[in-house]
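Work through these exercises with the model open beside you. Try each task before reading its solution.

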Amino acid sequence: MKKWHCTSCDYIYDPAEGDEKGGIKPGTSFEDLPEDWVCPTCGAAKAEFEKVA
């Protein structure tokens, strides 16, 4: 699974780790995150993320 980068604050969403603060379990792909999920660091919308090459 690919990692995703927040263009607002440089947070990296790693599917292997999930988002404990947001209640997202490890193993959850970025595509499977709820549409209203936001960056746990800065609150940016999911649309503000880019796939890490």
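The exercises go from the overall fold to single residues. This is a predicted model: local features need pLDDT of at least 70, side-chain atom pairs count only at pLDDT 80 or more, and totals for chains, interfaces and linings use all residues. Residues are numbered from 1 along each chain as its sequence is written, and side-chain values use heavy atoms, with hydrogens and water left out.

**Exercise 1. The fold**

Task: Describe the secondary structure of the protein chain and how its strands pair.

Solution: 
- Step 1. Count the elements. The protein chain has zero helices and three strands. Both kinds are DSSP runs, numbered from the N terminus: helices are H or I with at least four residues, strands are E with at least two.
- Step 2. Read along the sequence. The pattern is β-β-β.
- Step 3. Order the strands. They form an open sheet, β2-β1-β3, with antiparallel pairing. Two strands pair if DSSP finds at least two bridges between them.
- Step 4. Find the edges. β2 and β3 are the edge strands, each pairing on one side only.
- Step 5. Zoom in on one pair. β1 and β2 are antiparallel and joined over two bridges. W4 has Y13 in β2 as its bridge partner.

**Exercise 2. Overall dimensions**

Solution: 
- Step 1. Along the principal axes, the C-alpha atoms fill roughly 25 × 25 × 15 Å.
- Step 2. Look at contacts (heavy atoms within 4.5 Å). Of the contacts with a separation of 6 or more, 45% are between residues 24 or more positions apart.

**Exercise 3. The core**

Task: Which residues make up the largest nonpolar core?

Solution: 
- Step 1. Buried means under 20% relative accessible area, exposed over 50%, and partly exposed in between, with a 1.4 Å probe and protein chains only. Of the 53 residues, 32% count as buried.
- Step 2. A nonpolar core is a set of buried Ala, Val, Leu, Ile, Met, Phe, Trp, Tyr and Cys residues joined through side-chain atoms within 4.5 Å.
- Step 3. List the members. The eleven residues are W4, C6, Y11, Y13, I24, F30, L33, W37, C39, A44 and F49.
- Step 4. Follow one member. Beyond residues up to four places away in sequence, Y13 touches K3, W4, G18, D19, I24, T28, S29, F30, L33, W37 and F49.

**Exercise 4. Charged pairs**

Task: How many salt bridges does the structure hold, and which residues form them?

Solution: 
- Step 1. Apply the cut-off: a side-chain nitrogen of Lys or Arg within 4 Å of a carboxyl oxygen of Asp or Glu. The structure holds two salt bridges.
- Step 2. Take D14 with K3. Their closest N and O atoms are 3.8 Å apart. The pair links distant parts of the chain, eleven residues apart: D14 in the loop between β2 and β3, K3 in the segment before β1. D14 is buried at 15% relative accessible area, while K3 is partly exposed at 39%.
- Step 3. Take E35 with K46. The N to O distance is 3.4 Å. Both residues lie in the loop between β2 and β3, so the pair ties together parts eleven residues apart in sequence. E35 is exposed at 67%, whereas K46 is buried at 10%.

**Exercise 5. A backbone angle**

Task: Is D10 buried or exposed, and what is its phi?

Solution: 
- Step 1. Read the area. At 54% relative accessibility, D10 is exposed.
- Step 2. Read the angle. Phi is positive, about 75 degrees, although D10 is not a glycine.
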